[in-house]
Amino acid sequence: NVNGNEKDPFHSTMVDFVNLQKQIDQLSAFSDSPAPSVTRILYSHNDVAARRFIKDLMGRAGLSVREDAVGNIFGRWEGSEPDAPAVATGSHIDAIPYSGKYDGVVGVLGAIEAINLLRRSGFRPKRSLEVIMFTSEEPTRYGISCLGSRLLAGSVSLAKALTQTVDNDNISFLDAAKSAGYAKNEDFSNVFLDEKTYSAFVELHIEQGPILENEGVSIGIVTAIAAPASIKVDFGGNGGHAGAVLMPQRNDAGLAAAELALAVEKHVLESGSIDTVGTVGIMEVHPGAINSIPSKSHIEIDTRDIDEKRRNTVIEKIQESAVSISKRRGVELLEFKIVNQDPPALSDESVVKAMESATQVLGLSHKKMISRAYHDSLFMARKAPMGMIFIPCYKGYSHKPEEYASPEDIANGVKVLALTLTNLSLN
Ligand code: HGY
Ligand code: MN
Ligand code: MN
Ligand code: MN
């Protein structure tokens, strides 16, 4: 606990949840889609404005702010042992199209409020504390999930790929990053974290599932993060006139994509486990005219499981189906690209203990659980002992405008995070 006072670790200093809610609402206004939805895409005008908002709040919290070449933002509270590995916390503020205003945001604004709470309660860190806002956790613009944290974790292939990759509007990552004031140094291996930079990493996040709310539990203590993977597939056919080309002469790229989407569902359901999931969230046909047989199709597949082997079997079956569908339909399989096929991550025992003791001191109900969503923690776990704190969200809704977490649940999450940070900073 903070000052040896078992009963009330924060001297009844309160979380300023009125101000925190105001900040969540203000941040949600930096959006390319109308309220209550939020759309905030990497390096867009609204993303840059939102970054300025976060850096300002970090400054007001007395944090010294620095940014790396891709725009990961670090706010540091120097401890009495400044050379010791620091304790870090954080999350993301980018938002997929037409989503909500709590995913990621609770773990950035909540972390800054946790710092304010600790300062107000007279705490002094031994290990420095750092709040990190990770660049582009969502795959929206360049198809790469957890771009900022994946780079921090030392992905050499990503550091190279970023100098070549372009988005759907043919804007290169380099140009987009430079337009936002980043990538002055194009050697992104400078972003890699040195070993022992952090002694622990903890992320506060909404559950993005219904368990905590259904069971009336205040805090989720994450023990593992599921293994995510994403695949891009392109089919090509001859296309042609919707009236003139008779059915036996067709090789319809659109139908190939539709059949593969159903094959994804089939292979996932065949896995024999409820923990295997598969989604086709992007499905496009070209030229997209009602009276033109699709000559090209593009689909993107997201498949995950807490068991990596089971997930990889699903990927193999999807690939086999793509080949057999293209053969049977006389459609060309132009591309089958596994964009990422990541292992799961386990939370560290000592961090789980620190989170559990924080919830006990605060008298909050809690339960251990896995995270089916991925997070920056999935990659930070490669560089430091990791843990995640979940708070309930309304009906488990996420990645849609109805996403909601109550000020009380958010305040509980902030208090557990603050107390966990003190435990980890003082040890
Ligand atoms: O998709 C995910 O799991 C995360 O919310 N981006
Ligand atoms: Mn998300
Ligand atoms: Mn998230
Ligand atoms: Mn015509």
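**Notes on the model**

1. Let me start with aspartate 103, which counts as buried because its relative accessibility is 7%; buried here means under 20% relative accessible area, exposed over 50%, and partly exposed in between (1.4 Å probe, protein chains only). Please keep in mind that this is a predicted model, in which local features need pLDDT of at least 70 and side-chain atom pairs count only at pLDDT 80 or more, while totals for chains, interfaces and linings use all residues. Residues are numbered from 1 along each chain as its sequence is written, chains are lettered from A and ligands numbered from 1 in the order in which they are written, and side-chain values use heavy atoms, with hydrogens and water left out.

2. Donors are N, O and S atoms within 2.8 Å of the metal (3.2 Å for Na, K and Ca), and because water is not among the atoms, sites may look incomplete.

3. Helices (H or I, at least four residues) and strands (E, at least two) are DSSP runs, numbered from the N terminus.

4. The manganese ion (ligand 3) has His92 (NE2), Asp103 (OD) and His205 (NE2) as its donors, at 2.1 to 2.3 Å. In sequence these are spaced H-x10-D-x101-H. Histidine 92 belongs to strand S4 (residues 86-92) and aspartate 103 to the loop between S5 and H3, so here the parts tied together are 11 residues apart in sequence. Histidine 92 is buried, at 0% relative accessibility.

5. Glutamate 138 deserves a look of its own. This residue is buried, with a relative accessible area of 4%. Leaving out residues up to four places away in sequence, glutamate 138 touches His92, Asp94, Ile96, Asp103, Ile144, Ser145, Tyr374 and His399; a contact means heavy atoms within 4.5 Å.

6. On a 1 Å grid over the protein atoms alone, a cavity is a set of points where a 1.4 Å probe fits but cannot get out, and a pocket is an open set with protein on both sides within 12 Å along at least five of seven lines; lining residues have an atom within 4 Å of a point. Grid points are joined across faces, edges and corners, and a volume is the space filled by probe spheres set on the points.

7. How much space lies in the second largest pocket? The figure is about 170 Å³. Of its 14 lining residues, the closest to the centre are Thr13, Met14, Val15, Ala411 and Lys415. Helix H12 (residues 407-426) gives the most to this lining, with five residues.

8. Two cis peptide bonds may interest you when you check the backbone. One joins alanine 35 and proline 36, with omega about 5°, and proline 36 lies in the loop between helix H1 (17-28) and strand S1 (38-40). Another runs from histidine 286 to proline 287, with omega near 10°; proline 287 is in the loop between strand S10 (277-286) and strand S11 (296-305).

9. Positive phi values outside glycine are worth a glance too. Tyrosine 98, in strand S5, has phi near 55° and is exposed at 51% relative accessibility. Alanine 183 has a positive phi of about 55°, and its relative accessible area of 1% makes it buried.

10. Finally, the overall picture: the protein has 12 helices and 15 strands, and buried residues make up 55% of its 427 residues. Its C-alpha trace spans about 80 × 45 × 40 Å along the principal axes.
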